[in-house]
Amino acid sequence: MQVWGVTMPFSFLARAIDSATQSFSVPMKTTLPRVLLGILLSFVVSGCAPRLPPETPSNLVQLTGVPERPPDVGGTAIPPGVVVDDGLAQEEAVAIALWNNPDFQVQLAEMGFARADLLEAGLLSNPVLSLLFPIGPKQLEATLKWPIEVLWERPKREAAARLAADRVAAGLEQAGLTLVSDVKISYVEYALAQDRLRLADQSVEELEQISRLMESRFQAGDVSLLEARTAAIDASRGRQDSVRARLDVVLRANELRTRLGLALDPREFDVVTTAAALEPCGPMPALLEEALASRPDVRAAEIGIEAAAARLGWEESRVVAVTAALDANGEGREGFEWGPGVDVGLPFFNRNQAGLARANAEIRRAGGQYVAVRQRVAGELLDATTQFQQASVALAGWRDTVLVPLEEQVQVANRAFADGDVAFLFVLEMQRRLTEARLRTREAEADLARALARIERAIGRRCGAGGREIVRGF
């Protein structure tokens with residue numbers, strides 16, 4: 001018999017029964033009270049705490065590959081294996097967020113409530129001892145009552161609580177996957193903001209060169225005032241875009257720091273961006289089947305149905321309340337007398353109709369939630385795969401039909417300018433178009449990476465990896 005992690009031999013229980021029965025001054029005429037007392041002590045001993053699930057769902061560690069944060073680690077902590085001095089990779093950012101994101105830590109505390117509910121469900125009710133003292137002609141009377149309906153209610157109550165705890169654990173796993181997706185998207189957006197700022201500064205330099213050249217040509221009478229002013233307006237617009245891009249970098253950095261739980265950390269990090277894979281994780285039908293089979297929120301909805309059914313069984317067991325009683329008199333005809341009895345609540349009026357109705361309503365709600373979750377998973381996966389396809393087509397188009405030809409065109413323009421065949425203004429104009437094409441290509445890459453992060457969240461696993469590029473300033 002296992003009680004609170006200590007092995008208790010059955011002989012101890014027998015000695016306890018003998019000690020309790022031999023404490024009375026009158027010898028027992030029947031073995032019934034001794035049997036009842038043995039049963040009572042057996043259930044008291046068996047009223048130990050049930051096996052509790054871990055505070056952090058174990059599946060979350062398997063899904064993310066990030067070890068559980070020790071409970072004694074306080075403040076901002078860096079997980080083992082994460083080295084930020086050589087640049088913060090995307091997977092390292094995910095690990096830091098799972099350890100430090102404050103909202104996720106609050107969600108993890110929900111598991112503590114589920115563990116407490118499970119612990120409470122496994123506990124037995126305390127017996128109630130009533131004493132009437134022998135004052136005056138009144139004899140001493142004692143009554144010991146214990147609600148024995150717990151004997152058949154407790155297993156069903158504990159089963160319902162355990163399923164509820166499993167549902168909370170599955171919900172926390174999904175919350176962890178959502179956090180991973182959010183961190184990856186914030187990471188991609190910050191890297192894009194850095195590239196957008198770099199290209200915006202380059203575009204400003206090119207536009208200002210064009211503006212100065214057009215101004216000098218206007219002074220020489222080669223172009224009109226309208227053309228010179230248009231070039232100056234383009235340069236001013238480029239400077240405004242650069243200012244906005246610079247502020248956007250700060251906003252994206254703050255967002256990423258908040259996701260990681262490092263909003264109050266003054267350290268700066270390099271960001272190591274990962275190029276997205278050009279191929280999705282697989283065909284849509286196979287991904288949908290995998291998502292419906294492995295998504296934690298789908299599993300949580302399934303457990304919700306099981307938990308609602310278990311709660312219905314528990315409510316059905318509460319229709320009749322039975323209390324075992326042990327009555328003792330100090331001055332009976334034969335001296336000290338005592339005997340067993342029961343109190344039975346007759347279910348004439350209250351047959352737990354409200355509890356049964358609530359349990360049936362929970363079953364209907366759980367069934368509806370299960371259907372809704374499956375629909376949402378299918379919709380999320382379809383949207384993510386469509387966005388991935390859209391981004392893939394856009395990226396291939398910008399790279400193959402715009403970026404590569406423009407890079408070749410700039411090289412041709414530079415050679416033509418060196419030979420004196422074209423003006424420098426033509427070279428600057430081609431360079432400006434190349435910078436804009438690089439920005440559009442980079443935005444398509446970011447769209448692809450965001451779509452990939454959403455696909456990984458939809459199916460609950462990682463897929464794809466790429467090269468590395470260091471971006472400064474986080």
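Biologist: Before we look at the packing, what is a nonpolar core here?

Modeller: A nonpolar core is a set of buried Ala, Val, Leu, Ile, Met, Phe, Trp, Tyr and Cys residues joined through side-chain atoms within 4.5 Å. Please bear in mind that this is a predicted model.

Biologist: Which residues of the largest nonpolar core touch the most other members?

Modeller: The largest nonpolar core has 39 residues, and Leu88, Ile96, Leu98, Phe104, Val183 and Leu260 touch the most other members. Elements that give two or more residues to this core include strand 3 (88-89), helix 4 (90-100), helix 5 (102-108) and helix 8 (225-260).

Biologist: And which element gives the most to this core?

Modeller: Helix 7 does, with twelve residues.

Biologist: What other core lies apart from it?

Modeller: Another core, of 20 residues, lies apart from the largest one; Val298, Val373, Ala391 and Ala451 are among its members.

Biologist: Stepping back, what does the secondary structure come to?

Modeller: The protein has twelve helices and nine strands. Of its 474 residues, 39% count as buried.

Biologist: How much of the contacts comes from residues 24 or more positions apart?

Modeller: Such residues account for 79% of the contacts with a separation of 6 or more.

Biologist: Now helix 9. Which of its residues are buried?

Modeller: In helix 9 (residues 284-294), the buried residues are Leu287, Ala291 and Leu292. They lie on the same side of the helix, because they cover an arc of only 130 degrees around the axis.

Biologist: What covers them?

Modeller: The cover for the buried residues of helix 9 includes helix 10 (296-316), helix 11 (353-418) and helix 12 (424-459).

Biologist: Which exposed residues are on the face turned away from the buried side?

Modeller: That face of helix 9 carries Pro285, Glu289 and Ala293, which are exposed.

Biologist: Moving to charges, how many salt bridges are there?

Modeller: The count comes to 32. One of the pairs is Glu189 with Arg450, whose closest N and O atoms are 3.9 Å apart. Glu189 lies in helix 7 and Arg450 in helix 12, so this pair ties together parts that are 261 residues apart in sequence.

Biologist: Are Glu189 and Arg450 buried or exposed?

Modeller: Glu189 counts as buried at 18% relative accessibility, and Arg450 is buried with a relative accessible area of 14%. The cut-off for buried is under 20%.

Biologist: What else does Arg450 meet in a salt bridge?

Modeller: The side chain of Arg450 also meets that of Asp447, at 2.4 Å from N to O. Both residues lie in helix 12, three residues apart, which is about one turn of the helix. Asp447 counts as partly exposed, at 37% relative accessibility.

Biologist: Which residue forms a salt bridge with Arg239?

Modeller: Glu208 does, with the closest N and O atoms 3.1 Å apart. Because Arg239 lies in helix 8 and Glu208 in helix 7, the pair ties together parts that are 31 residues apart in sequence. Arg239 is partly exposed, with a relative accessible area of 36%, and Glu208 counts as partly exposed at 26%.

Biologist: Last topic, the surface. Which residues form the nonpolar patch?

Modeller: The patch consists of Val320, Val342, Val344, Leu346, Phe348 and Phe349, which together have about 660 Å² of accessible area. Val342 is in strand 8 (residues 335-345), and its 54% relative accessibility makes it count as exposed.

Biologist: What does the accessible surface of the whole protein come to?

Modeller: About 26,100 Å², with 57% of that belonging to carbon and sulfur atoms.

Notes: Residues numbered from 1 in each chain as written. Predicted model: local features only at pLDDT ≥ 70, side-chain atom pairs only at ≥ 80, totals over all residues. Heavy atoms only, no water. Patch = residues over 30% accessible without salt bridge, like charges linked within 9 Å, V, L, I, M, F, W, Y side chains within 5 Å. Areas by Shrake-Rupley, 256 points an atom, 1.4 Å probe, with all protein chains shown as cover. Salt bridge = Lys/Arg side-chain N within 4 Å of Asp/Glu carboxyl O. Helix = DSSP H or I, 4+ residues; strand = E, 2+ residues; numbered from the N terminus. Buried < 20%, exposed > 50% of the residue type's maximum accessible area, 1.4 Å probe, protein only. Arc of directions from axis to C-beta. Contact = heavy atoms within 4.5 Å.
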